Amino acid sequence: MISTDAKITVISGSGISKASGVPTFRGTDGLWKKYNFMELATPQAFARNPKLVWEWYYWRLGLVSQTEPNNAHLALKKLESSGYDIMVLTQNVDNLHERAGSSKVIHLHGEIFQRRCIQCHDITYWKSTETYENPIIPKCPKCNSMIRPGVVWFHETLDPDIIQRSYNRLHVTDVLLIIGTSGVIHPVATFPYIAKQGNENLIVYEFNLEPTPLSSLADKTILGPVEKTLPLFVSETLDKGKE
Ligand code: BJW
Ligand code: ZN
């Protein structure tokens with residue numbers, strides 16, 4: 001039972017978007033089985049071969065733009081609509097939480113629809129009419145330098161303001177839902193430990209197909225596809241709230 005005045009924080013990963021058709025990173029059908037992250041998801045890779053990196057991102061932009069939120073994203077929105085204070089800290093670069101209607105979403109690893117100039121750091125977004133069929137390297141309209149995807153690659157630090165806002169929330173959270181993440185990428189892998197520090201009453205639920213390194217910290221790991229397990233969990237939570 002989750003009290004109706006509880007602050008709920010979600011840490012989500014690519015597993016929540018799998019049923020929408022967005023590939024995960026690790027595992028047998030993950031992106032890193034097919035693609036080498038050292039050649040595609042590091043600043044060094046972009047400096048070496050920006051065209052290759054952009055080709056990969058155009059492919060993913062096309063893919064993500066065709067997807068819809070699934071029942072797991074919608075279940076989180078249902079919790080919010082029922083009056084819960086819920087904040088989503090997502091590692092995902094897709095916008096499926098927002099499209100499902102969640103209003104408090106922090107993108108820890110950036111956003112795939114965001115573009116950033118490597119020189120003047122001007123931020124722009126892809127147009128909703130874009131078809132991603134012509135993978136040219138975009139140029140900044142302000143300074144004519146190369147534009148890069150607005151995501152966080154390996155070896156890059158997360159935005160300090162985003163880290164601070166996440167910490168502030170983790171320190172006051174009552175319930176933590178860890179959803180569809182392998183829990184191996186730092187610094188996000190440490191977030192559940194930060195939430196636990198000095199917060200003995202914190203309740204942690206994990207949703208995944210399989211146990212992860214974070215399972216030992218969770219009060220309960222709910223195994224199974226999150227697009228099925230989370231709607232069930234939310235319905236039970238809301239039903240109990242009414243009793
Ligand atoms: C389902 C499901 C279903 C499937 N239902 N479940 C400290 C210690 C050790 C290493 C480091 C450290 N600090 C930094 C590092 C290095 C590195 C790191 O962590 N490496 C690890 C390999 C150890 N970290 C970094 O580089 C970070 N930067 C940093 O810390 O800066 C400081 C620094 C500066 C200079 C030098 C060194 C450090 C940045 C990390 C950025 C990660 N970027 C990516 C790409 C984003 C852009 C893009 O998308 O294009 O982010 S990598 C990729 O992994 C992506 C994800 O957000 C992230 C996490 O993956 P996620 O979401 O967990 O997906 P999977 O595939 O791993 O897991 C899916 C899960 O879902 C699985 O468990 C499935 O079972 C489950 N699942 N279907 C339920 N239907
Ligand atoms: Zn510029």
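**Pockets and cavities**

Modeller: Here it is, and keep in mind it's a predicted model. Starting with the second largest pocket, S4 supplies the largest share of its lining, four residues.

Biologist: What volume does the second largest pocket have?

Modeller: About 300 Å³. It has 19 lining residues, and those closest to its centre are His107, Gly110, Gln114, Asp159 and Ile162. Strand S3 (105-107), strand S4 (110-117), strand S6 (147-151) and helix H7 (160-172) each give two or more residues to that lining.

Biologist: And where does it lie relative to domain 1 and domain 2?

Modeller: Both domains contribute lining residues, so the second largest pocket lies between them. By class, its lining has eight nonpolar, five polar and six charged residues.

Biologist: OK, over to the largest pocket. How much space is in there?

Modeller: About 940 Å³. Its lining has 42 residues, with Ser14, Thr24, Phe25, Arg26 and Ser182 nearest the centre.

Biologist: How many cavities of 30 Å³ or more turn up?

Modeller: Two, across the whole structure.

Biologist: Which residues line the largest cavity?

Modeller: Among them are Ser14, Phe25, Arg60 and Asp94. Helix H4 (residues 50-65) has the largest share, three residues.

Biologist: How many charged residues line the second largest cavity?

Modeller: No charged ones; that lining has seven nonpolar and three polar residues, including Ile11, Thr181 and Leu214.

Methods
Residues are numbered from 1 along each chain as its sequence is written. Chains are lettered from A and ligands numbered from 1 in the order in which they are written. This is a predicted model: local features need pLDDT of at least 70, side-chain atom pairs count only at pLDDT 80 or more; totals for chains, interfaces and linings use all residues. Side-chain values use heavy atoms; hydrogens and water are left out. On a 1 Å grid over the protein atoms alone, a cavity is a set of points where a 1.4 Å probe fits but cannot get out, and a pocket is an open set with protein on both sides within 12 Å along at least five of seven lines; lining residues have an atom within 4 Å of a point. Grid points are joined across faces, edges and corners, and a volume is the space filled by probe spheres set on the points. Ala, Val, Leu, Ile, Met, Phe, Trp, Tyr, Cys and Pro count as nonpolar, Asp, Glu, Lys and Arg as charged, and the others, Gly among them, as polar. Domain bounds come from an automatic or database domain assignment.
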